[in-house]
Each structure stands twice: as C-alpha cells, then as structure tokens.
Amino acid sequence: MSLTNAPKPGSTDPSIIRNFCIIAHIDHGKSTLADRMLQLTGVVDERASRAQYLDRMDIERERGITIKSQAVRMPWTVPVGNAEDAEPGTYVLNMIDTPGHVDFTYEVSRSLEACEAAVLLVDAAQGIEAQTLANLYLAMGADLHIIPVLNKIDLPSANVEKYAAELAGLVGCEPEEVLLTSAKTGVGVEALLNEIVKQTPAPVGDADAPARALIFDSVYDTYRGVVTYVRVVDGKLSHRDRIKMMSTNAVHEMLEVGVISPEPVKAGEIGVGEVGYLITGVKDVRQSRVGDTVTSQHHGATESLGGYKHPNPMVYAGLYPIDGDDYPSLRDALEKLQLNDAALTYEPETSGALGFGFRCGFLGLLHMEITRDRLEREFNLDLISTAPNVVYEVLLDDGTEVEVTNPSEYPDGKVAEVREPVVKATILAPSDYIGTIMELCQLKRGNLQGMDYLSEDRVEMRYTLPMGEIVFDFFDQLKSRTKGYASLDYERSGEQAADLVKVDILLQGEPVDAFSAIVHRDAAYSYGVMMAGKLKDLIPRQQFEVPIQAAIGARVIARETIRAIRKDVLAKCYGGDISRKRKLLEKQKAGKKRMKNIGSVEVPPEAFVAALATTQPTEKTGKK
Ligand SMILES: Nc1nc2c(ncn2[C@@H]2O[C@H](COP(=O)(O)OP(=O)(O)OP(=O)(O)O)[C@@H](O)[C@H]2O)c(=O)[nH]1
C-alpha cells in the first residue's frame with residue numbers, strides 16, 4: 001500500500017494499532033523475517049533494502065546478531081475476503097525488535113512490555129532451542145498473545161510435521177494452527193501479517209489521562225544526542241512538552257517526537273498505544289534509562305508504569321592496553337561507549353603485572369566480548385583482558401562484609417563465609433547427550449532441578465549452577481561434549497555459600513595479580529596446574545631459571561620451571577658487519593620495551609593475552 005494514505009502518528013485510533021515483536025533463538029531467522037515484512041508493507045522497497053535493515057551496527061551485521069532493539073511502524077492493509085478472516089482495512093503495525101541474547105534479558109523484557117503479541121519463530125530444521133523457551137517464558141510473563149511460526153520451511157532438511165507438533169505442544173495449540181513461513185523466499189509472510197492483525201489485541205489506554213510512556217530502548221547518536229524509544233500507554237507526548245523521567249524526576253526539553261518507518265519521521269505528537277521516538281538533547285543514555293516511565297512536566301502522572309530496574313553488572317574483567325601509552329585513549333573510548341550503554345561500568349585500576357587499566361563491569365559474557373571487540377575495532381586499541389569473574393560477597397571474621405569484584409582484592413585469611421551468585425540454567429539437547437551433560441553439570445557443581453522430553457529424542461534439562469563456573473568455560477565444554485547440539489540459557493537466581501579459595505600464580509616468587517582466580521577448593525589444584533603449565537609454554541626462556549608456582553595463601557599447590565637460556569642475538573654475526581650488528585641490537589631493545597616485567601622476568605604481552613584467553617566463546621562468537 002502507499003505510505004501517503006497511511007494513518008498519521010498522533011491521530012491514530014488505538015483500535016487499528018497492533019504492537020508485536022518477534023522472538024526466536026539465535027539464527028532462526030528473526031532479522032530476515034523482519035526485513036521481509038518491511039518490504040511487503042512497502043516501508044522499504046526491495047531494491048533499497050540492504051540485508052538486515054534492522055541490524056544497524058557493523059558488528060551486529062558482521063556477527064549476524066542483534067544488540068539494540070528498534071521499532072518500526074508499518075502500515076498494512078488487510079484485503080477484503082482474505083483467507084485468514086482478519087477484518088479488512090488499514091492497520092498500523094509496530095514491530096519491536098528485541099535483542100536475542102541472555103545478557104540482555106532485562107532489555108528484552110522491556111521491549112516485550114511494549115507489545116501485545118509475540119511472534120514465536122522457530123527454525124523448521126532445528127526445532128525449539130533454549131532461547132526459544134527463555135524468550136517464550138518472558139513473553140508469557142508479560143502476558144503477550146503468542147503466535148507460533150515455523151520458519152525456513154524451504155529448507156530440504158525442514159521437518160515441519162515434527163516441529164509443528166513440538167511447538168504446538170509448547171504453546172498449547174493445535175499443530176495446524178502453527179503458521180508456516182520462509183522468510184527467505186517470502187512464502188507465508190503475507191498470511192502472517194494478516195494473522196498478526198487478527199490475533200494481536202489492540203492497545204488499551206486512557207487518552208485523557210496524564211501522559212505515561214515506557215522507555216524500551218535508548219540509543220546514543222553522534223549528531224542528535226540520545227534517541228529514546230517509547231511506547232505510549234496513556235495520554236500523549238507532544239513536541240511542545242517538557243518531559244520528566246519518573247525514576248529520577250529529571251526534566252528535559254523535548255526537541256522532537258516521531259516514529260520510525262524505517263527512517264525517523266517527525267510527528268507533532270504520539271498518542272495511546274503508539275510507538276515512537278523522543279529526542280531531548282540529553283547526551284548520555286544513563287539520563288534516559290530503559291524501563292523508566294516518561295511523563296509530561298506539567299500535570300504529569302504521579303504513578304510510574306513499574307518494572308524499572310537498575311542494570312547491575314554481573315561479570316567483571318580488567319582491561320589493559322598492551323601499550324601503556326594507550327591508557328588515555330582507552331579511558332576516552334570507554335567514556336564514549338558508556339554514552340550508549342547504560343549497563344557498562346568502569347573504574348581505573350592498577351595491576352602490578354599489566355600496569356594501568358580499568359576494571360569493567362558487564363551484564364554477561366557476550367556484553368563483555370562485544371565491548372572488547374568495539375574497543376579494539378572502533379577505537380583501534382590492542383587490549384589484554386583478564387579472565388572474567390563474578391561478584392563475591394565475603395563475610396570476614398569480624399562480621400564486616402565486602403563485595404569482591406577483583407580476585408586480587410580477595411581478603412587473605414580472616415574469611416568466615418563466601419557467597420557466590422547462582423543461575424538457573426536451561427539446557428536443550430538431543431537425548432543421546434543426557435549422560436555427558438549430567439557429568440559436566442556435576443563437575444561444575446550443578447544441581448539438577450528437573451528434566452522434560454520435548455519430543456521423543458529431545459530433552460530440556462534444568463539446573464542450578466554457580467555463575468562463576470558458567471563464566472569460566474562451561475559453554476565451551478557443553479558445546480564440545482554435545483558436538484554443538486546443545487543450547488544453553490540462564491538467568492540469575494540468588495546466591496549460595498561456597499567453599500572458595502583464591503589461587504595465586506607466582507613467577508620467581510612474585511605473585512602476578514592478573515592471573516589470580518577465585519575457584520572452588522576442589523578445583524584449585526587443577527587451576528594451578530593448568531595455569532603453571534600454560535605459562536611454562538608461553539613465557540620465553542630467560543637468562544636465569546624461573547620457577548612458576550600456584551599457591552593458596554602461603555601453600556604452594558603446583559610448580560613448573562622455565563629453564564635458563566642465554567639469547568645471544570649476535571651469535572650468527574661473525575666478523576665485521578657492524579651496521580647489521582647494531583640493527584639486531586636495536587631490534588632487541590625495541591622488543592624489550594614492549595615487555596611487561598614481573599620482578600626481573602620479562603613477559604611478552606602476547607603471553608598474557610594467550611594465558612588469559614578464556615577458552616570461552618559465547619554462543620554467538622563460537623560460530624565465528
Ligand atoms: N533457507 C532459509 N534460510 C533462512 C530463512 N530465514 C532466515 N534464513 C537464514 O538463516 C540465517 C539466520 O537468519 P537471521 O535472520 O540473521 O537470524 P536471526 O534470528 O535474526 O539471528 P540473530 O539476529 O543472530 O538473533 C541467515 O543466514 C538467513 O539467511 C528461511 O526462511 N529459509
């Protein structure tokens with residue numbers, strides 16, 4: 001349909017608005033389906049459509065993942081006499097794109113809150129995966145109507161019958177009610193749009209009440225400052241308003257209101273049920289937080305929409321520039337990233353081994369990897385990052401409690417109790433792998449909470465596990481044990497007391513803070529042996545013997561030795577060529593400058609990078 005006679009923002013009757021999102025496991029085709037919908041509704045024409053319109057950032061496109069949610073307004077006309085029995089007429093569909101990964105669960109939950117229905121998309125060749133379930137539970141928690149869809153039905157390996165039954169069993173409908181699409185070829189997508197119109201409840205709100213809108217995303221734009229995405233629940237927001245953030249009472253000037261279709265389109269106002277953006281001139285997303293309620297300054301609402309949560313980092317790691325001179329650039333880069341990332345925290349720290357750097361807090365491992373990636377790519381920095389760790393609550397003998405976000409700050413002795421964060425994990429896998437998964441979970445101190453068969457050969461296992469074990473190498477091991485067939489999802493679920501100790505690694509008797517780790521007492525020995533062995537291979541031989549030790553307090557639990565060598569770079573230069581000799585000596589000197597010194601031991605930065613490389617690709621990067 002043409003865009004010119006589409007209903008105008010601000011004056012759209014809520015009864016013709018349909019707000020929905022697409023939820024899916026990674027790679028099941030969410031972005032492709034979204035692109036196809038943009039084309040079919042005429043919002044993006046086929047020629048202009050570059051693949052995956054919604055995934056804006058380069059990294060997202062390269063890795064094929066969605067980090068930030070976006071919302072697009074699409075007009076859609078249901079023709080008279082359509083097979084799906086939707087009421088003919090022109091509707092406004094707002095498609096809200098949700099991030100798919102567990103690290104961003106809170107952002108997902110806010111995006112869902114802005115919708116009335118969720119299209120649950122499942123790959124017809126893969127079936128239900130862990131994130132299908134996690135997202136479905138979140139959507140059901142938000143009271144959304146669920147529209148089950150099997151995608152990729154064009155694939156020769158698609159097993160429509162089996163997975164339609166699985167999906168129907170999950171959402172509680174008949175297998176015939178599961179819609180079938182191929183986002184790639186477009187088959188079934190028009191029918192899906194009609195079904196969305198038919199099945200999605202129209203938004204309900206009080207047009208005459210004071211304005212209340214939910215912030216479900218907030219993005220920093222270099223030219224325009226922060227762009228805030230909102231769903232209006234009651235009243236209306238006009239470009240003439242001054243607005244108030246209800247969690248902080250901060251008041252901002254409104255510079256622009258509009259809708260995205262798919263580029264920003266200015267509007268005078270947006271009303272009940274509508275989804276759009278606000279620009280207020282704030283320069284930092286922390287002033288416009290996801291989950292907060294926006295109201296107008298005058299005659300504003302007194303009660304916020306609820307559900308606002310402050311994002312708390314769950315995983316910490318130290319980031320250090322390989323070249324110490326890059327420290328100021330790293331600080332500037334983190335400052336810039338934080339403009340667009342309310343969940344990222346950092347503070348300066350100094351490491352005896354690595355010099356000046358920052359201790360950064362992340363929502364999870366993917367968040368950490370994305371941040372590191374962006375620092376290296378967009379800001380051209382070479383970084384060493386320490387192994388990620390979780391936050392421990394340590395109760396000392398004298399009754400004081402300290403929060404430890406860095407293993408090297410772990411109090412020595414005097415510890416009465418240590419509490420560690422726990423997660424509820426859901427693992428989906430072919431039933432052949434039950435044995436090996438159970439073995440792994442046991443090894444990682446997991447407790448089986450329940451197990452269900454989704455179909456005769458696929459099983460869902462629910463565990464509680466210490467989060468510290470998950471950030472270590474759990475995912476990697478799970479994938480290798482199940483040949484990549486298992487999928488994992490987890491959410492935070494309280495704390496537990498545990499018998500944890502700090503293992504230090506010493507080079508020539510000097511502790512190297514970057515390698516200290518907090519581990520379970522039973523795993524301390526294997527961590528010590530693994531680390532000492534790794535370093536023995538990575539640190540080049542020096543002119544003297546270097547002992548490597550792993551220790552708990554004063555007790556040494558593992559030891560390796562790097563034998564001495566005298567590296568004579570001139571050995572091969574017999575006779576006279578003095579300029580060649582000088583060149584070699586200069587080269588050696590330059591090499592030494594890069595070295596990090598631990599006592600008198602020279603360690604090349606690459607050894608730190610390799611020793612600290614967690615064998616820990618997350619679900620996304622594991623595919624690289
Ligand atoms: N054959 C076939 N391939 C499809 C279909 N839909 C998507 N794909 C392919 O599946 C892959 C993943 O699709 P995406 O749309 O990026 O998946 P996604 O769910 O958005 O992934 P994330 O953004 O990472 O969560 C891409 O290579 C698509 O081309 C389909 O209907 N048929």
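This is a predicted model: local features need pLDDT of at least 70, side-chain atom pairs count only at pLDDT 80 or more; totals for chains, interfaces and linings use all residues.

Which strands does helix 5 lie across, and at about what angle does it run to strand 5? I found helix 5 (residues 160-171) lying across strand 4, strand 5 (145-151) and strand 6. Its angle to strand 5 is about 165 degrees.

I see an open sheet of six strands with mixed pairing, in the order 2-3-1-4-5-6. The edges are strand 2 (71-78) and strand 6 (179-180), each of which pairs on one side only.

Then I checked how strand 4 meets strand 1. Strand 1 (residues 17-24) and strand 4 (residues 117-123) pair in the parallel sense, over five bridges. I looked up I22 and found that its bridge partner in strand 4 is V119. A reminder to myself: strands of a sheet pair through backbone hydrogen bonds, either parallel or antiparallel.

On to the core. The largest nonpolar core has 173 residues, and A118 and I427 have the most contacts inside it.

Last, I went through the confidence values. The chain averages a pLDDT of 84, and 88% of the residues score at least 70. Over residues 63-69, however, the pLDDT is below 50, though this stretch has 27 contacts in the model beyond near neighbours in sequence. I noted residues 615-624 too, where pLDDT stays under 50 and the model has 21 contacts beyond four places in sequence. For the complex, the predictor gives an ipTM of 0.97 and a pTM of 0.74.

Technical notes. Residues are numbered from 1 along each chain as its sequence is written. Two strands pair if DSSP finds at least two bridges between them. Helices (H or I, at least four residues) and strands (E, at least two) are DSSP runs, numbered from the N terminus. Two residues are in contact if their C-beta atoms, placed from the backbone, lie within 7 Å. Axes are lines fitted to C-alpha atoms, for helices over the stretch in contact, and angles run from 0 to 180 degrees between N-to-C directions. pLDDT is the predictor's confidence in each residue, from 0 to 100. A nonpolar core is a set of buried Ala, Val, Leu, Ile, Met, Phe, Trp, Tyr and Cys residues joined through C-beta atoms within 7 Å. A residue is buried if 20 or more other C-beta atoms lie within 10 Å of its own, exposed if 12 or fewer, and partly exposed in between; C-beta atoms are placed from the backbone.
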